[in-house]
Amino acid sequence: MKSLEPMLCQKGTKDLLDSDEYIFQPKLDGTRALYIEEKLINRRGRNIRQRYPEFEDLKIERDSIIDGEIIVYNEKGLPDFNLLQSREQISNKFKIKLLSQRYPATYIVFDCLEYASEDITQKPLEKRLEYLEKSITENDHLQLIYSTDNGTQLWDEIIKRGIEGVMAKKKGSIYQPGKRSQACLKIKNLKTIDCIILGYTKGEGKREETFGALIIGAYKGDKIKQLGKVGTGWTDEELKILKEKMEKLVIEKEENKTWIKPKLVCEVEYLEMTRNEELRAPSFQRLRPDKLPEECIIE
């Protein structure tokens with residue numbers, strides 16, 4: 001099987017929405033996956049197609065390589081990462097089938113890397129989108145991303161629906177596998193950051209059996225910098241799941257803190273970053289099993 005990594009994005013700002021130099025697409029809240037030789041390869045290089053039996057009817061040309069996002073729509077017709085996450089770590093075949101019926105997934109495609117066995121990564125974005133449309137036949141589980149030149153109008157719709165944000169892709173740009181490109185910019189509706197969980201504090205009261213707060217950090221250069229603590233945003237069930245995962249990674253215990261191996265990644269929403277590079281008013285959003293610790297960078 002061919003080995004490819006998806007092109008990564010950099011952070012953009014809302015002033016780009018008025019630019020005529022970009023094509024704008026919704027930023028979807030799901031799991032990134034490349035379609036290669038009838039497999040769906042996630043960012044960790046694993047084939048995850050077996051998790052989605054409803055994808056048996058994906059109508060994609062076999063000799064194409066496609067980039068896209070796996071999502072699950074909620075009852076409001078919006079991408080719901082929590083519903084998707086309920087399917088991510090299931091290996092039992094009966095449960096996989098049951099969940100595929102209860103929370104069916106959709107593969108939203110937004111780029112084409114190879115068409116008719118020809119590498120087209122060096123062709124301009126507009127041409128790749130033409131090849132993408134030729135490569136697929138849309139159905140309930142396979143959709144072509146919405147694209148527009150009107151970034152402001154799309155942003156207004158994103159805000160109205162509460163979707164994660166907008167992607168701004170430079171017209172005429174090439175596809176750079178595995179690289180974080182200035183030609184692909186993410187404009188987020190909410191201010192969030194992916195953090196490495198470095199440890200946790202001792203819990204008190206009703207949290208005595210779990211923990212008080214997560215100690216979080218991210219890479220600045222080649223070193224991990226602490227960004228403070230986050231002590232809110234999870235359900236009681238998530239507290240238990242987090243504690244179980246962290247207990248398997250413990251490396252050192254202090255009186256009120258426990259340090260773990262920097263293996264787990266979580267998404268944190270916050271108001272702003274202070275001058276000391278600590279997060280103000282942080283709130284835990286979710287674990288990100290699809291992200292590597294090395295991808296948690298202070299931008």
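Reader: How many aromatic pairs does a search of the whole structure find?

Author: The search finds 7 aromatic pairs. Keep in mind that this is a predicted model.

Reader: How is a pair of aromatic rings described?

Author: By the distance of the centres and the angle of the planes. Take F55 and Y107. Their ring centres are 6.4 Å apart and their planes meet at 50°, so this pair is tilted. F55 sits in the loop between β4 and β5, while Y107 belongs to strand β7.

Reader: Are F55 and Y107 buried or exposed?

Author: Both are buried.

Reader: Which residues do ring pairs link into a cluster?

Author: Y200, F211, W234 and F284.

Reader: What lies over the face of F81?

Author: R286 does, at 3.9 Å from the ring centre.

Reader: Now helix α1. Which of its residues are buried?

Author: First the general idea. An α-helix has 3.6 residues a turn, so residues three or four places apart point the same way. In α1, the buried residues are F81, L83, L84, R87 and E88. They span an arc of only 160° around the axis, so they lie on the same side of α1.

Reader: What covers the buried residues of α1?

Author: The cover includes β3, β6, α2, β7 and β21.

Reader: Where is R87, and what does R87 touch?

Author: R87 is in helix α1, residues 81–88. Its relative accessible area is 2%, so R87 counts as buried. Among the residues R87 touches are R51, Y52, E54, L99 and Y103.

Reader: What does D80 reach at the start of α1?

Author: A side-chain oxygen of D80 comes to within 3.0 Å of the backbone nitrogen of N82.

Notes: Residues are numbered from 1 along each chain as its sequence is written. This is a predicted model: local features need pLDDT of at least 70, side-chain atom pairs count only at pLDDT 80 or more; totals for chains, interfaces and linings use all residues. Side-chain values use heavy atoms; hydrogens and water are left out. Rings of Phe, Tyr and Trp (its six-membered ring) pair if their centres lie within 6.5 Å; planes under 30 degrees apart count as stacked, over 60 as edge-to-face and the rest as tilted. Helices (H or I, at least four residues) and strands (E, at least two) are DSSP runs, numbered from the N terminus. Buried means under 20% relative accessible area, exposed over 50%, partly exposed in between (1.4 Å probe, protein chains only). A charge sits over a ring if NZ of Lys or CZ of Arg is within 6 Å of the ring centre and within 35 degrees of the ring normal. Contact means heavy atoms within 4.5 Å. The arc is that of the directions from the helix axis to the C-beta atoms. A polar contact is a pair of N or O atoms within 3.5 Å; within protein, one must be able to donate a hydrogen and the other to accept it, and residues adjacent in sequence count only if both atoms are side-chain atoms.
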